[in-house]
Amino acid sequence: MARLGERVARHQQRIGPLLITAVVVGLIGLPIAAWLDLRDLSERMLRTQAEEISRIIDDMRGFYGSDVVARVLESKGSATPTHNYREVPGGIPIPATLSIELGKRISAHDGSVKYRFISDLPFRGREPHQLDAFEQKAISSFRADPEASIVEVSGSLNRHVRAAAPVIMGQVCVACHNSHPDSPKRDWKVGDVRGIQEISVIQPIAANILSFKYLILYFILAAIAGLTFIILQRRQSALVRDMNHELTEANDFLAGISLKIAKYLSPQVYKSIFSGQKDVTIATERKKLTIFFSDIKDFTAISERLQPEDLTGLLNEYFTEMSKIALAHGGTVDKFIGDAVLVFFGDPETKGVAEDAKACLRMAVDMQRRLEQLNSQWRQRGIEQPFRARMGINTGFCNVGNFGSDDRMDYTIIGAEANLAARLQAITEPGGICLSFETYALVREMVRARPLPPIAMKGISREVVPYEVEGLLGEMAQGTPVISEHSSGLDLFLDLDALDESGVERAKTRLMEALSALTTRSEPRPR
């Protein structure tokens with residue numbers, strides 16, 4: 001168990017710095033990787049834009065040189081602007097034709113930028129062009145509102161952006177188109193939208209993936225760090241699981257040991273020790289307690305008649321039942337001395353001196369009643385003379401606590417008042433309860449008792465007046481009595497609480513039959 005705990009501690013010492021380092025590197029590395037990738041991406045985009053602009057300018061310069069300047073030089077200085085300039089000597093392209101031809105040259109390359117000049121009303125003789133949905137929508141939208149913004153974005157891996165701008169007729173264009181024989185429309189006005197200029201840009205996302213190489217590297221390292229952390233955590237979880245398993249086994253073992261130890265201690269003492277209320281040290285305190293002492297009459301004679309196994313069984317059953325009653329009333333079972341039982345009230349738990357005394361008296365009454373029931377059961381099992389107990393109760397100051405040595409101690413009470421309880425039980429009748437005056441004064445509203453001749457005891461300077469309980473008062477008298485009488489030829493036990501209605505009727509019948517038989521027997525016989 002200790003070795004496993006050391007392994008867990010060493011594992012935590014290793015994983016702690018690694019976790020801190022991983023968090024710091026992660027917090028610092030992400031913005032650095034993002035900045036490096038943004039720098040590379042912006043550089044790549046600027047380079048691409050510069051190349052595209054350079055290509056477009058080259059196309060414009062090439063077209064201007066071949067289709068404008070060269071044709072002007074061939075015509076020896078005279079030039080004619082026309083839409084079919086290639087068919088006319090000295091012809092040069094008009095603006096619309098220039099836009100169309102430039103669009104063809106720019107779009108002919110496998111670049112990311114395309115340019116087109118499109119109209120739904122081209123001159124006769126021009127190469128026809130089939131308008132797609134975007135182009136038709138753009139032309140109709142611009143004719144309704146020349147200030148509209150028409151942009152279309154499509155594609156997932158290859159992003160395709162198409163932007164359109166209106167071609168608006170000026171004064172010169174209106175005069176040309178309304179008078180030209182190849183114009184399909186002769187009623188143009190200044191400000192009319194003839195067509196559109198479309199610029200199309202294609203940007204493959206896959207081509208820019210490598211621009212995020214630092215972020216990709218960061219996430220790969222983060223994934224490796226995460227997997228490493230998961231592996232370390234799983235290892236630590238396995239260690240903790242093993243440790244918890246060992247702790248569970250140790251706790252089960254200790255729980256079993258504590259339950260076994262509890263058999264040798266009073267539940268109140270056991271609870272106070274294991275809850276931390278009391279320390280296991282040699283220490284005592286002086287308290288006013290109510291002490292109960294009981295003893296079995298003629299136990300020596302009983303033990304001589306019974307076999308050891310039968311005697312042990314009876315005695316253990318007797319102690320078990322008496323202990324249950326003592327615990328139910330809140331008493332602390334101090335010890336079993338041979339056939340005697342010592343119980344005290346007031347420590348470690350108390351309800352006050354008066355209530356402790358009353359609880360002790362109730363306990364003694366319940367013990368006598370339960371013993372009558374046990375005697376009836378034992379007689380049915382063949383025990384001729386079961387137990388009859390004498391009980392004494394005294395209230396006074398005693399020393400209570402742990403007595404003994406550092407290696408072995410006992411939680412008990414000592415003092416003359418404890419001895420007095422034992423003396424009181426010795427002078428009472430079997431089946432009876434004897435009280436000291438101190439106890440009787442606290443419980444006098446519960447019992448009817450008569451004083452006995454005073455007794456003197458060693459260690460007590462005063463004479464002690466015992467009180468023998470003759471009857472019960474108040475709530476205790478309301479309990480159903482147990483009628484028991486046993487002698488030669490008589491074996492009577494009647495527990496009214498245990499009888500149901502049919503049992504009561506049977507008992508009445510049998511008792512009336514017994515009474516009739518006794519009456520007949522007592523009558524004088526005829527001579």
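So, how much of the chain over residues 214–232 is helix, and how much is strand? Over that stretch the chain is 100% helix and 0% strand, with the end C-alpha atoms 27 Å apart. Keep in mind that this is a predicted model. Now, the UniProt record, an unreviewed entry, puts the feature "transmembrane region" at residues 214–232, and also at 15–38.

Okay, on to the surface. There's a nonpolar patch here, formed by Val151, Val153, Val161, Ile199 and Val201, and together they have about 360 Å² of accessible area. Strands β4 (150–154) and β6 (193–204) each give at least two residues to that patch. Take Val201, which sits in β6. Val201 counts as partly exposed, because its relative accessibility is 32%.

Next up, helix α10, residues 416–427. Its 12 residues reach 17 Å from the first C-alpha to the last, close to the 16 Å expected at 1.5 Å a residue. Which residues of α10 are buried? They are Glu417, Ala418, Leu420, Ala421, Leu424 and Gln425. As a reminder, an α-helix has 3.6 residues a turn, so residues three or four places apart point the same way.

Last, two spots in the loops. Asp347 and Pro348 are joined by a cis peptide bond, with omega at about 0 degrees. Pro348 is in the loop between β9 (340–345) and α9 (353–380). Then there's Asp298, in the loop between β7 (284–296) and α7 (299–305). Asp298 isn't a glycine, yet it has a positive phi of about 55 degrees. With a relative accessible area of 46%, Asp298 is partly exposed.

Methods:
Residues are numbered from 1 along each chain as its sequence is written. This is a predicted model: local features need pLDDT of at least 70, side-chain atom pairs count only at pLDDT 80 or more; totals for chains, interfaces and linings use all residues. Side-chain values use heavy atoms; hydrogens and water are left out. Patches are made of residues with over 30% relative accessible area and no salt bridge: like charges are joined within 9 Å, nonpolar side chains (Val, Leu, Ile, Met, Phe, Trp, Tyr) within 5 Å. Accessible areas come from the Shrake-Rupley method with a 1.4 Å probe; for residues, only the protein chains shown count as cover. A salt bridge is a side-chain nitrogen of Lys or Arg within 4 Å of a carboxyl oxygen of Asp or Glu. Helices (H or I, at least four residues) and strands (E, at least two) are DSSP runs, numbered from the N terminus. Buried means under 20% relative accessible area, exposed over 50%, partly exposed in between (1.4 Å probe, protein chains only). UniProt positions are given in the numbering used here, feature names are shortened, and annotations may be inferred rather than shown by experiment. The expected span of a helix is 1.5 Å times one less than its number of residues.
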